[in-house]
Amino acid sequence: MEDILQLYTRPYDPDYPLICFDESSKQLICEVRKPLPPEPGRVERYDYEYQREGVCNLFMMFEPLVGWRHVEVTDQRTQIDYAQQIKI
């Protein structure tokens, strides 16, 4: 772990950029009932019930020393999708 943390303290070198990569699966949902509008003294209220709309996968890449980031959203999470993102 210390070796990884040491990478973040290095000065920026364009020949050896520090690029971080992560992926995450997210559930897509939608409201079943329309939220109740706010009233005087009360905030807008939402029902806890929802309808599933599937899942998507997020591939996140960023270069913290430059301030660059990129997010790619895919419908699925396969080895081919992963390989295509690493290729970028």
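Colleague: How do you know what share of the 88 residues of the chain counts as buried?

Modeller: The share is 14% of the 88 residues, where buried means under 20% relative accessible area with a 1.4 Å probe and protein chains only. This is a predicted model, in which local features need pLDDT of at least 70 and side-chain atom pairs count only at pLDDT 80 or more, while totals for chains, interfaces and linings use all residues. Residues are numbered from 1 along each chain as its sequence is written, and side-chain values use heavy atoms, with hydrogens and water left out.

Colleague: Which elements does the chain hold, and in what order do they run?

Modeller: The chain has two helices and three strands, which run α-β-β-β-α from the N terminus on; helices are DSSP runs of H or I with at least four residues, and strands are runs of E with at least two.

Colleague: Why is the chain called more spread out than a compact globule?

Modeller: Its radius of gyration, taken over C-alpha atoms, is 20 Å, well over the 12 Å that the globule rule gives for 88 residues, so the chain is more spread out than a compact globule. That rule is 2.2 Å times the number of residues to the power 0.38.

Colleague: What makes strand S2 and strand S3 a pair?

Modeller: Strands pair if DSSP finds at least two bridges between them, and S2 (residues 50-63) and S3 (residues 68-74) have seven, in the antiparallel sense. Leu58, for instance, has Val73 in S3 as its bridge partner. The two strands form a hairpin with four residues between them, and Gly67 in the turn has a positive phi of about 90°.

Technical notes. Buried means under 20% relative accessible area, exposed over 50%, partly exposed in between (1.4 Å probe, protein chains only).
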